[in-house]
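Here is a short tour for someone meeting this structure for the first time. Please keep the sequence and the 3D view side by side while you read.

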Amino acid sequence: MYTEKVMDHFTNPRNVGEIPDADAVGEVGNMKCGDIMKLYLKITDDGVIEDVKFKTFGCGAAIATSSMSTELIKGKTVEECLKLTNSAIAEALDGLPPVKMHCSVLAEEALKSALLDYKKRTGKDIPISEEDLKGDDDHHDHDHDCEE
Amino acid sequence: MRKIYLDHGATTPMRNEVIDAMVTIYREEFGNPSSIHQFGRSAKKQLEDARAKVAKAIGADAKEIIFTGSGTEADNIAILGTARMKAKQGKGKHIITTTIEHHAVLDTCKLLEKEGFEVTYLPVDEHGILAVQSVQDALRDDTILVTIMHANNEIGSVQPIAEIGQLLKNHPAVFHTDAVQTVGKLAVDVNELAVDLLAISAHKIYGPKGVGALYVRKGIRVEPLMIGGGQERKIRPSTENLAGIVGLAVAIDLAVSELATESKRLEGLRDKLIHELLTKVPETKLNGHPVHRLPHNANISFEYIEGESLILSMDMKGIAVSSGSACTSGSLDPSHVLMAMGLCHQTAHGSLRMTLGKDTTEEDIDYVIAELQTIVARLREMSPVWEQYIKSKA
Amino acid sequence: MRKIYLDHGATTPMRNEVIDAMVTIYREEFGNPSSIHQFGRSAKKQLEDARAKVAKAIGADAKEIIFTGSGTEADNIAILGTARMKAKQGKGKHIITTTIEHHAVLDTCKLLEKEGFEVTYLPVDEHGILAVQSVQDALRDDTILVTIMHANNEIGSVQPIAEIGQLLKNHPAVFHTDAVQTVGKLAVDVNELAVDLLAISAHKIYGPKGVGALYVRKGIRVEPLMIGGGQERKIRPSTENLAGIVGLAVAIDLAVSELATESKRLEGLRDKLIHELLTKVPETKLNGHPVHRLPHNANISFEYIEGESLILSMDMKGIAVSSGSACTSGSLDPSHVLMAMGLCHQTAHGSLRMTLGKDTTEEDIDYVIAELQTIVARLREMSPVWEQYIKSKA
Ligand SMILES: Cc1ncc(COP(=O)(O)O)c(C=O)c1O
Ligand SMILES: Cc1ncc(COP(=O)(O)O)c(C=O)c1O
Ligand code: FES
Ligand code: FES
């Protein structure tokens with residue numbers, strides 16, 4: 001059901017861990033399926049993601065998308081990171097099973113949550129607000145119709 | 001790489017004896033048992049021999065066995081068939097079941113609620129066991145059906161069916177038990193259990209998939225699910241799956257004859273697995289009853305990690321296990337059985353079912369114990385919840 | 001003694017290719033396709049490959065194939081499933097079918113009548129063929145389902161399904177055809193036939209008993225017969241009969257690829273059988289259409305003798321034939337199909353169905369022709385009705 005890339009990132013997740021002196025930390029959870037992701041960012045003065053680490057409690061897709069998202073944002077600017085969507089993360093993994101698409105939302109939201117934390121800490125003018133984090137519940141709706 | 005299959009609760013490999021018997025039928029007995037010529041008569045004889053064998057294995061009379069296309073179908077005929085028959089007779093609309101039934105029973109009861117029946121879902125205790133008294137308390141004059149599984153497919157807890165059967169002897173309600181997980185693993189005798197209906201599935205006992213049987217006690221009538229020819233006393237029309245039925249008969253016969261020694265062996269391995277995991281891995285918990293459980297079932301919660309990633313990690317090491325019933329693996333909800341036992345979402349999600357089988361050896365168990373420790377440690381290291389727990393303890 | 005099996009309409013022997021493919025599954029692919037570990041994923045792949053093969057054989061998309069436990073079940077899901085779905089949606093309660101359907105369709109329609117549906121049973125002509133116009137005339141605004149078999153199992157007459165399909169394109173009624181007798185014998189393409197639902201059974205095409213499939217056109221929704229896990233898009237829950245499904249796929253694939261040459265060969269043998277019997281045995285009559293008929297089906301009435309004694313006499317000579325559908329051989333009523341075509345009781349009783357198969361040779365046919373002449377003569381000599389007839393002619 002998972003692509004080779006998903007299995008690769010699941011088995012050898014990149015950037016697992018913590019950054020004790022992180023410039024931003026994001027934590028999101030979805031109690032419906034019981035998944036939690038915590039993301040640590042180290043950001044340079046000119047707004048480039050210098051280092052990133054994560055910890056995830058979740059399914060194979062949650063761990064793989066967490067890992068992939070850290071690869072995608074490392075070296076990017078904050079502005080570029082704001083544009084990262086869950087479908088882009090899923091695509092980078094050669095796709096996810098439809099029932100598992102919502103797992104990739106976890107990674108997108110953890111990133112947004114971290115960037116919001118960064119905005120709060122630095123007072124920088126970053127186009128993101130609490131609104132963006134409302135966690136639009138649709139993504140988490142568990143579709144039991146196995147219509148594929 | 002080693003391959004260790006510990007998912008016998010989901011399905012089992014076929015026995016060679018079963019395959020051989022089926023191939024003989026495939027090659028030599030292709031007649032339609034309903035045909036009156038020699039090909040048909042010969043097939044018919046095989047069919048009735050198989051029926052007698054299955055009946056004998058559960059202490060029933062051959063006339064009381066209806067072959068079906070699966071365990072699910074046997075459960076559905078039992079439940080829908082009884083409810084619809086009783087409704088037609090104006091006998092009442094109340095049904096009693098439990099919160100931990102297999103979906104073939106639970107969701108069928110939910111359908112009946114939509115059709116105007118009233119269903120009482122009895123809770124189980126923290127070990128997944130139903131109190132006999134709760135059945136007594138729930139019984140009403142208009143109760144037409146009591147359907148309680150013999151043993152649970154996820155946590156392995158065995159219900160006091162015989163006691164409930166005794167209780168129901170004084171009540172007109174029909175008593176059905178889903179024995180898909182117990183036939184061939186525990187002693188199953190329809191008279192000792194005092195049940196009216198009992199569902200069997202071949203693929204859980206080294207037989208073929210797509211074959212089941214329903215025991216229907218003499219005098220009990222059920223409406224069929226489907227309509228067609230006169231096969232299986234019109235309760236289950238369709239040209240009979242003769243090879244599959246013979247496969248079921250051979251499988252059940254062997255399982256029952258080996259039951260005593262094999263269940264003891266499995267219990268030994270299962271207890272070693274449970275004991276070592278609970279002692280060697282911190283923050284673990286056994287689900288289900290420590291004693292009243294299926295001989296081959298170990299269900300353990302590993303706190304702070306998620307079930308699917310645990311299963312996938314074990315799969316990479318060649319170990320096949322599951323987190324609940326296979327048929328719901330498409331769903332993301334935590335097991336309804338674990339939730340019914342009072343586990344919280346997170347603990348339910350981090351649960352593993354390991355079900356042993358006839359080819360499982362002690363070396364397999366040792367390998368699994370060793371690998372699981374490494375895997376759990378690695379996943380916990382990645383888990384923010386574990387991090388939090390460790391910090392809170394510090 | 002020679003053994004000649006001329007009852008392929010009832011069931012067929014398994015092909016070696018089918019047995020081999022199934023045994024491979026039995027030995028090597030025992031996983032539950034719903035499990036997420038390697039055993040499960042590998043089984044799932046086999047399942048989806050089989051689905052693609054079956055779909056291809058009838059010009060469908062793999063997503064449109066639902067595997068079932070029999071042809072009867074496929075028919076029942078189609079008919080009960082459509083009727084119950086439409087009733088829920090308040091779409092109407094009128095159904096159109098014919099008087100010559102298999103019991104899996106006919107008796108299911110009768111059940112629906114009891115549930116409050118209204119069923120129009122269209123008659124057929126003296127050749128057992130339905131007039132397209134009669135469907136047009138019977139159609140109403142509240143018609144929700146039209147179910148007409150592709151070819152009849154007893155008399156072999158082939159219905160104008162494609163024309164009816166075209167007609168129904170302008171009507172919201174769901175169109176189901178029971179193609180159990182035609183798949184692998186006639187070209188069956190769901191788009192050419194313009195059907196929404198189509199039933200298949202494996203054991204009629206040298207595949208295993210207890211496996212069927214239902215084609216469900218994209219966008220068409222049916223209520224399931226049984227409830228349980230999420231298998232087969234919840235339309236047919238139960239652990240999948242993987243070996244059986246693979247057996248069906250191999251069987252249909254082979255049957256379709258050999259169809260053109262094999263049906264020509266069968267037609268040749270069939271026509272010889274029919275022609276010689278009609279010319280050499282007096283007072284005989286072909287039932288069904290002379291041209292629009294299944295390539296392997298010969299159905300002949302022998303006046304003044306009774307079917308069962310004819311079948312038994314042939315059986316003594318090693319020849320297996322039937323008088324109608326095997327599944328009603330328990331009943332003593334004359335075939336409802338022959339009666340629907342206007343035959344009188346006595347003629348209907350003296351009818352024989354001979355259905356040829358892939359191993360049938362010209363020598364077999366010659367032997368049957370010779371033996372039948374002797375048998376018919378002997379039985380007529382014993383018959384008072386024959387005596388009366390002879391005297392009336394003298
Ligand atoms: C036309 C027709 N429909 C349905 C069936 C039922 O198929 P099965 O025996 O697989 O249930 C048969 C044969 O028995 C048949 O000939
Ligand atoms: C307790 C229980 N009941 C019913 C079933 C359904 O059996 P089958 O897969 O043969 O439909 C299963 C297994 O899937 C089961 O474990
Ligand atoms: S993150 Fe919830 S199931 Fe994958
Ligand atoms: S005399 Fe035997 S069936 Fe009528």
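A:Arg121 is partly exposed, because its relative accessibility is 47%, which lies between the cut-offs of 20% and 50%. The model is a predicted one. The side chain of A:Arg121 meets that of A:Asp117 in a salt bridge, 3.1 Å from N to O. Both residues belong to helix α5 (residues 101-122) of chain A. They sit 4 residues apart, about one turn of the helix.

**Chain A**

How many helices and strands does chain A have? It has 5 helices and 3 strands. Along the sequence they run α-β-β-β-α-α-α-α. Of the 148 residues in chain A, 54% are buried. Take the contacts in chain A with a separation of 6 or more: 60% of them join residues 24 or more positions apart.

**Salt bridges**

Side chains of opposite charge can pair when their charged atoms come close. Over all chains, the count comes to 61 salt bridges. One of them joins A:Glu18 to B:Lys391, at 3.5 Å from N to O. This pair crosses between chains. A:Glu18 lies in the loop between α1 (4-11) and β1 (24-30) of chain A. B:Lys391 lies in helix α13 (residues 384-393) of chain B. A:Glu18 counts as partly exposed because its relative accessible area is 36%, between 20% and 50%.

A:Glu18 and B:Lys391 are also part of a network of salt bridges.

Chain C supplies another example. C:Glu17 forms a salt bridge with C:Arg15. Are these two partners buried or exposed? C:Arg15 is buried, with a relative accessible area of 5%. C:Glu17 is partly exposed, at 38% relative accessibility.

| Residue | Partner | N to O distance |
|---|---|---|
| A:Asp117 | A:Arg121 | 3.1 Å |
| A:Glu18 | B:Lys391 | 3.5 Å |
| C:Glu17 | C:Arg15 | 3.4 Å |
| B:Asp315 | C:Arg41 | 2.8 Å |

**Where chain B meets chain C**

The contact takes 62 residues from chain B and 62 residues from chain C. Together the two chains bury about 5,200 Å², with 61% of it on carbon and sulfur atoms. Which three residues supply more of the area that chain B buries against chain C than any other three? They are B:Tyr26, B:Phe30 and B:Ile227, with 14% of that area.

The interface also holds 2 salt bridges. In one of them, C:Arg41 meets B:Asp315. There are 21 residue pairs in polar contact across the interface. Several elements of chain B give two or more residues to the side that touches chain C: α1 (16-28), α2 (38-57), α3 (71-88), α4 (103-114) and α9 (307-316). Helix α1(B) gives the most, with 7 residues. By class, this side of chain B has 24 nonpolar, 26 polar and 12 charged residues.

**Helix α2 of chain B**

Now look at α2(B). Its 20 residues should span 28 Å at 1.5 Å a residue. The end C-alpha atoms are 29 Å apart, which agrees. Its buried residues include B:Phe39, B:Leu47, B:Arg51 and B:Val54. What covers the buried residues of α2(B)? From chain B, the cover includes β2 (65-68), β7 (197-201) and α8 (242-280). From chain C, it includes β1 (4-5), α9 (307-316) and β11 (319-320). Just after the helix, B:Gly59 takes a positive phi of about 70 degrees.

Helix α4 (residues 103-114) of chain C has 12 residues, which should span 16 Å at 1.5 Å a residue. Its end C-alpha atoms are 16 Å apart, which agrees. The helix is mostly covered, with 9 of its 12 residues buried. Among them are C:His103, C:Asp107, C:Cys109 and C:Leu112. The buried residues pack against α3 (71-88), β3 (94-98), β4 (118-122), β5 (143-147), β6 (174-178) and α10 (336-340) of chain C. C:Gly116 follows α4(C), and its phi is positive, near 100 degrees.

C:Leu167 lies in helix α6 (residues 161-168) of chain C. Leaving aside neighbours within four places in sequence, C:Leu167 is in contact with C:Val132, C:Val135 and C:Gln136. C:Gly9 is 158 residues from C:Leu167 in sequence and 30 Å from it in space, C-alpha to C-alpha.

How values were computed. Residues numbered from 1 in each chain as written. Chains lettered and ligands numbered in written order. Predicted model: local features only at pLDDT ≥ 70, side-chain atom pairs only at ≥ 80, totals over all residues. Heavy atoms only, no water. Contact = heavy atoms within 4.5 Å. Buried area = accessible area lost by both parts, 1.4 Å probe. Salt bridge = Lys/Arg side-chain N within 4 Å of Asp/Glu carboxyl O. Polar contact = N/O pair within 3.5 Å; in protein donor to acceptor, adjacent residues only side chain to side chain. Nonpolar A, V, L, I, M, F, W, Y, C, P; charged D, E, K, R; others polar. Expected span 1.5 Å × (residues − 1). Buried < 20%, exposed > 50% of the residue type's maximum accessible area, 1.4 Å probe, protein only.
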